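This report describes selected features of one protein model, with the criteria behind each term stated where the term is used.

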Amino acid sequence: MAPPPPADLPLAERFQRILKTLQFAWFSGHALLLFCVVRYGFSWLRMNYYGGMAQFCYRFAFLAAAWTYGIVVYKTLRARQRTGGSDKPLHEDENVQYLGAAGMAFVWLFMPQYPLALLPYAIYSIFHVATYVRATLVPTISPPQQLPPAPGASPNAKPQYAQHPISEQIGWFVKRYYESSMAVVANLEIGLWFRILLSALVWQRRSWILLAIYTAFLRSRLAQSSHVQDAFAQLEARIDNLIGAQGTPPAARQIWDGIKQAARQFYTATNPRNFTGGASVPTKKTN
C-alpha cells in the first residue's frame, strides 16, 4: 500500500490526492464487488435471483472483479518494465497470477449463474478493502499522532506514532482470520469444480466449456497456492479414509485408485515447468 498523504495538508486536499490514485480505483472495485454480492445475496434468499436487480448485481460483481485484478496485473507489468524484468518466470509471479482471476471473472460474466462463484471473490475483497481502509483511509482522515519520546531515548531516534484504534482493530481482524479464510476460499474453489461437473453431467447450457476453462484455472491455482494444495491433500485423505473403511466394495477402491492415477497424470502433464524448459530462472546475485 502507498503511504497516505502528508498529515499537514487540509483534509479535502488529502482526499483529492488519494482519489486520483490507481490504488483508489482498485479499492473502489473491491468495495463495489462487496456491495453487489450483499445485494445479490438478499435476492437469492428471497429466491428472486433471476430478477433484474439480482442479475445486474451478479454480473456487475464479476465486472468489478475483472477491473480490480486487471489493475493489479497492469501495475505488476509496468513495474517489471521499469526494473527491466523479474527473476521469476511470469507464471510464478504471485501478482501476475491475478490475470487468471481477472480472466475467470470475465468467463463468469458471460456464463449462466453460479452463485458459489461469487464467494471466493467476495472473501478476497473483504481483506483487500480492510487493508486499504487500515493503511490509507483511516490515516488520511485521522493522521497518526506522534508519541512522546521514551525517557532516556536518543535525540536522533526515529519518532514513533500511535495507530488509530480502528486501524488496530482491522489489523487484528486481518491477522486473525486471513489464513483460515484463504483455506475456506480454496475449498470453495474445489467445491465449485464439482458443482460445474454436475452441471456438465446433466448437459446444462455451456457447462462443458465452463468445465474445461475452470479446470485450467484451478490447475493454475494449484500450481501457485499452498492453500489449494492443502485443500486437495485434505480432500484426498478424507476420501482415502472413507474408501479404506471395512465393508467398502473392492470395485469402489479400484475406481478411486483410477481417479487418483488419472489426476496425478493430468497434474504432471500440465506442470507449467514443462512449458518453460523445466527449470527455474536463476536468481541474480546482488552485491
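## Basis and helix numbering

Helices are DSSP runs of H or I with at least four residues, and they are numbered from the N terminus, as are strands (E, at least two). The model is predicted, so local features need pLDDT of at least 70 and side-chain atom pairs count only at pLDDT 80 or more, while totals for chains, interfaces and linings use all residues. Residues are numbered from 1 along each chain as its sequence is written, and side-chain values use heavy atoms, with hydrogens and water left out.

Leu198 is placed in helix α6, which covers residues 165-201, and Leu198 counts as exposed because its relative accessibility is 53% (exposed means over 50%, buried under 20%, partly exposed in between, with a 1.4 Å probe and protein chains only).

Phe127 belongs to helix α5, residues 118-141, and is buried, with a relative accessible area of 6%. The C-alpha atoms of Phe127 and Ile170 are separated by 9.4 Å, with the two residues 43 apart along the chain.

## The second largest pocket

A pocket is an open set of points on a 1 Å grid over the protein atoms alone, with protein on both sides within 12 Å along at least five of seven lines, and lining residues have an atom within 4 Å of a point. The second largest pocket is lined by 22 residues, with Phe232, Ile259, Ala263, Arg264 and Phe266 nearest its centre.

At least two lining residues come from each of α6, α7 (207-224), α8 (226-243) and α9 (250-269), and α9 gives the most, with eight.

How values were computed. On a 1 Å grid over the protein atoms alone, a cavity is a set of points where a 1.4 Å probe fits but cannot get out, and a pocket is an open set with protein on both sides within 12 Å along at least five of seven lines; lining residues have an atom within 4 Å of a point.
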